[in-house]
Amino acid sequence: MLEIETIYNGPGPFPLKGTFTTDIDGPVLIIFSATAYGSLPNFQLGVQVDIDGEVSVAANVWANEGLSHKALVSGVLATKMTPGTHTYNIYPTSPYTVCDENDFATISMWPLPDQPFTWNFIGPLPQYTTLQSEVSGSALVFVHGSAWTAQYPQSLGLIVVVDGNPVLTTQAWANVVASHQAVPALLAPITLTPGPHQIGISTSSGDFMTDGNDFYALAVIY
Amino acid sequence: MLSEVIFSGTGPITGGQQIPFTSPVDGVPVLFYLSASGFTKAAPTMMSIQMLVDDVAISAAQVFVNESGAYRSLVCFVQTTTLTYGQHTLSLEPNSSFLSDSNCTFNITMVY
C-alpha cells in the first residue's frame with residue numbers, strides 16, 4: 001500500500017522549523033522541491049532541508065535574473081526513518097537566496113522496501129552512472145533538472161537514458177535567452193530487469209545548453 | 001509501488017479539461033503527480049493548476065512568476081488521496097493567471 005507521507009507542503013517565508021510524526025521504520029526516499037528568488041542577479045539559489053539536524057537535501061537553480069521567483073531543481077535523498085517525532089528545518093543556503101510568502105516547499109517521504117537509487121549532480125550533460133536494479137518489471141523514475149539556451153525560442157528537453165535507450169523525456173519551452181530554468185519535474189514508470197544498468201540524463205537536440213551551473217536529480221523507486 | 005501515466009500531452013490546458021481514468025485500487029492512498037509548464041500575461045502573479053478527482057480538489061502545482069510572457073515550470077505538491085475502484089475523472093483547473101499553448105507539456109502520473 002502506498003504510504004507516502006508529506007513532511008511539509010506549504011508556503012514560505014523560509015527559514016522555517018517544524019516537527020512531524022511518522023510510523024515509518026526503514027528506508028525512505030525524500031523528495032524536496034521548493035521555489036525562491038535572488039536578491040541579486042547571477043547567483044545560485046539554494047534552499048535546504050535538514051531532518052533531525054542529521055541528514056539534508058537541497059534544491060538549487062542558477063538565477064540569471066534578480067528579484068525573479070524560480071522553481072528550483074528538486075533534491076532527492078535516500079535515508080532511513082524511525083517511528084516517532086522528528087524535526088525539519090527549511091532554510092536558504094546563500095545570503096542572496098530569498099524565500100518569501102510567495103514561495104513554497106514540498107517535502108515528501110516515500111517508504112520503500114530497499115534503499116532507492118538516488119543521484120544529485122551538476123552539469124554539463126550528458127552524464128551517466130550505474131544503477132543496480134533490484135526488480136524485474138515496473139519501476140518509478142523521478143527526474144528534475146535545469147538548462148538554458150543561447151537562441152530562443154527553444155525547447156529544452158531532458159532525456160532519461162537507460163542502457164543507451166531514451167526512456168523518459170521532460171521538456172519546457174524557453175523564450176528567454178541565457179536564462180537557466182528548471183524544466184518540469186517528471187515522475188513516470190519505466191521497465192527494468194534485475195542487475196546493473198547504465199542510467200543517466202542526456203539532452204534533446206538543438207541549441208540547448210547545460211553547464212556547471214545546472215542541477216539534476218534522478219531517483220529510481222522500486 | 002505501481003504507477004500509470006494517465007495523461008501526457010501539450011497545451012493549451014483550459015479550465016474544465018476532463019481526464020477519465022480507472023482506479024485499480026480501492027480504499028488505499030493514491031498519488032497524482034502533475035508535471036506542467038505555462039506562462040502568464042499578468043505578472044507578477046502566482047500561476048497554479050489545481051487537480052480535482054470527481055470534482056474534489058486533491059493537489060496542485062504552482063509557481064510565482066515575475067515576468068509576463070516567459071514560460072515557467074510549475075512545482076507539484078506531493079499529496080495522496082484515497083480512491084474507490086473503477087471509473088473516475090481527473091480535471092485540471094488553471095487559475096486566471098495561468099496560460100498555456102502548444103509549447104507547454106503536461107504529464108500526470110498516478111502512483112498506487
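How many Å separate the centres of domain 1 of chain A and domain 2 of chain A? I looked this up first. The centres, taken over C-alpha atoms, are 20 Å apart.

**Ground rules.** I am working on a predicted model, where local features need pLDDT of at least 70, side-chain atom pairs count only at pLDDT 80 or more, and totals for chains, interfaces and linings use all residues. Residues are numbered from 1 along each chain as its sequence is written, while chains are lettered from A and ligands numbered from 1 in the order in which they are written.

**Domains of chain A.** I noted domain 1 as 1-113 and domain 2 as 116-222; such bounds come from an automatic or database domain assignment. I then checked the contact between them. Domain 1 of chain A gives 19 residues and domain 2 of chain A gives 20 residues (contact: C-beta atoms, placed from the backbone, within 7 Å). On the domain 1 side, strand 3 (26-38), strand 5 (55-63) and strand 7 (75-81) of chain A each give two or more residues. Strands here are DSSP runs (E, at least two residues), numbered from the N terminus. Strand 7 of chain A has the largest share, four residues. By class, I read twelve nonpolar, six polar and one charged on that side of domain 1 of chain A. Nonpolar covers Ala, Val, Leu, Ile, Met, Phe, Trp, Tyr, Cys and Pro; charged covers Asp, Glu, Lys and Arg; the others, Gly among them, are polar.

**Chain A against chain B.** I found 37 residues of chain A in contact with 37 residues of chain B. Strand 15 of chain A supplies the largest share of the chain A side, five residues. That side has 21 nonpolar, 14 polar and two charged residues.

**Open sheet in chain B.** I traced five strands in the order 2-9-4-5-7, with antiparallel pairing (pairing: at least two DSSP bridges between two strands). Strand 2 (17-23) and strand 7 (75-76) of chain B are the edges. Strand 2 of chain B meets strand 9 (residues 86-94) of chain B through seven bridges. There, Thr22(B) stands opposite Gln87(B).

**Strand 10 of chain B.** Why is this strand largely enclosed? Seven of the seven residues of strand 10 (residues 105-111) are buried, so the rest of the structure largely encloses it. I count a residue as buried with 20 or more other C-beta atoms, placed from the backbone, within 10 Å of its own. Strand 1 (residues 3-10) of chain B joins strand 10 of chain B antiparallel over seven bridges, and Phe7(B) is opposite Ile108(B). Strand 3 (residues 29-38) of chain B also pairs antiparallel with strand 10 of chain B, over six bridges. Ser35(B) has Asn107(B) as its bridge partner.

Conventions. Two residues are in contact if their C-beta atoms, placed from the backbone, lie within 7 Å. A residue is buried if 20 or more other C-beta atoms lie within 10 Å of its own, exposed if 12 or fewer, and partly exposed in between; C-beta atoms are placed from the backbone.
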